[in-house]
Amino acid sequence: MVLSIMRGLFTHDIAIDLGTANTLVYQSGGGIVFNEPTVIAVKDERGGRRMIAIGQEAKAMLGRTPPGIEAIRPLCDGVIADFDVAEELIKIVMGKSLKRRGLSSARVIITVPSGATEVERRAIREATENAGARRVYLIEEPVAAAIGADLPVTEPIASMVVDIGGGTTEVAVISLGGIVSSQCIRIGGNAMDAAIISHMRRAHNLHIGENNAEEIKISIGSACFPKNGEPRRMRVKGRDLVSGVPREQEVEEGEIVGSLAEPLGAIVEAVKTTLEHTVPELAADMVERGMVLTGGGGLLPNLDEVLSYATGLPTTVATDPLICGAMGAGRTLERIGKLKHMLVH
Ligand SMILES: Nc1ncnc2c1ncn2[C@@H]1O[C@H](COP(=O)(O)OP(=O)(O)OP(=O)(O)O)[C@@H](O)[C@H]1O
Ligand SMILES: [Mg+2]
């Protein structure tokens, strides 16, 4: 025990959960050492682009930059959309996490969506290698999330995880360390934000930005209509589509619930399809053990209830859904000898 803690303290191993919305780094022996939005702001300069902000600071710049400055999300739907910026981001988070330790000696495990193509996986591996990792391992995101949520993934029991991130929702049934059946759809928190933006346009003639839409979702969003009591309300600022002038509008919980019906319907369908493809022995386990929600989308109020109603299975939200992927990838790296079979080759 003491030996393994000591070993953890002195290794340069890190796990990176490179998500569409958030990037987290788990350091062996140190826990979560980096947790910021996956956004980089760059400035055009003679001779190329220069990074001027990262994470929360860069996210606040989205949609607010003057010409010459750009706030970029290098990932789209869980996979790399801008290779150079993604590589820069990985380099920065590795540098921050390893501080003055030798970068070249780091072993890095990094998450990839289960639905990523061979080419997309290679891009993530290459970006991490170019960023200075000595050895790169890939782990499928739902597997990492399930380990982070403390599910007994290596046992001959079905563990079902529904990881709802910013860009993707990944549903997986895992047994004996492998994915038995899974679905990966490119719908997650960003699609919910987009649905709110389009609702505000249609219903209120108001144009709002993505950060505003996310704020509405987190403040008054829910997966089902309020049953009793006063619905939650909030005031939203945007630009009037007709007059072009900025104005404020009051919105109410019920209309936001209505606007989320489409992306949530797709998530429910993905869960049902995965269940349909599961062999009867494992289906029997699931009746008893149900599914666990991870990823930030799992925090949407009442989503567990809706999924439980739609499938008839018990549904719970992981204790800390936003960090499950990074925790699970980190634990895998710490026991790489035993868990190697769980990696993507
Ligand atoms: N309380 C909340 N209610 C609803 N949604 C939330 C809440 N908190 C965070 N989210 C959403 O969770 C999403 C981010 O989750 P997460 O960090 O798990 O995604 P990610 O891992 O970066 O994305 P992906 O796995 O798709 O690449 C965002 O869309 C965010 O708006
Ligand atoms: Mg994720």
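**Helix 7 and its buried face**

In this predicted model, Ala213, Ile216, Lys217 and Ile220 are the buried residues of helix 7 (residues 210-220), where buried means under 20% relative accessible area, exposed over 50% and partly exposed in between, with a 1.4 Å probe and protein chains only. Viewed down the axis of helix 7, these buried residues fall within an arc of 110°, so they line one face of the helix, the arc being that of the directions from the helix axis to the C-beta atoms. An α-helix has 3.6 residues a turn, so residues three or four places apart point the same way.

**Packing of helix 7**

- The buried residues of helix 7 pack against helix 6 (189-204), strand 15 (233-240), strand 16 (246-252) and helix 8 (253-259), with contact meaning heavy atoms within 4.5 Å.
- Helices (H or I, at least four residues) and strands (E, at least two) are DSSP runs, numbered from the N terminus.

**Ligand 1**

- Ligand 1 is surrounded by 21 residues, and the closest are Thr20, Ala21, Asn22, Glu214 and Lys217; a residue is near a molecule if one of its heavy atoms lies within 4 Å of it.
- Oxygen atoms of ligand 1 lie 2.7 Å from a polar backbone atom of Ala21, 2.8 Å from a backbone N or O atom of Gly167 and 3.4 Å from a polar backbone atom of Gly297, a polar contact here being a pair of N or O atoms within 3.5 Å.
- Of the 660 Å² of accessible area that ligand 1 has on its own, the protein covers 92%, as computed by the Shrake-Rupley method with a 1.4 Å probe.

**Domains**

- The protein chain is divided into domain 1 (2-37 + 76-144 + 324-342), domain 2 (39-72), domain 3 (155-187 + 262-318) and domain 4 (189-260), with bounds from an automatic or database domain assignment.
- The C-alpha centres of domain 2 and domain 4 lie 27 Å apart.

**Positive phi angles**

- Most residues other than glycine have a negative phi.
- Asp77, although not a glycine, has a positive phi of about 50°; Asp77 is found in the loop between strand 7 (75-76) and strand 8 (79-80) and is partly exposed, with a relative accessible area of 26%.
- Asn205, also not a glycine, has a positive phi of about 55°; Asn205 is in the loop between helix 6 and strand 14 (206-207) and counts as partly exposed at 35% relative accessibility.

**Conventions**

- Residues are numbered from 1 along each chain as its sequence is written, while chains are lettered from A and ligands numbered from 1 in the order in which they are written.
- Local features need pLDDT of at least 70 and side-chain atom pairs count only at pLDDT 80 or more, whereas totals for chains, interfaces and linings use all residues; side-chain values use heavy atoms, with hydrogens and water left out.

Definitions and conventions
Polar contact = N/O pair within 3.5 Å; in protein donor to acceptor, adjacent residues only side chain to side chain.
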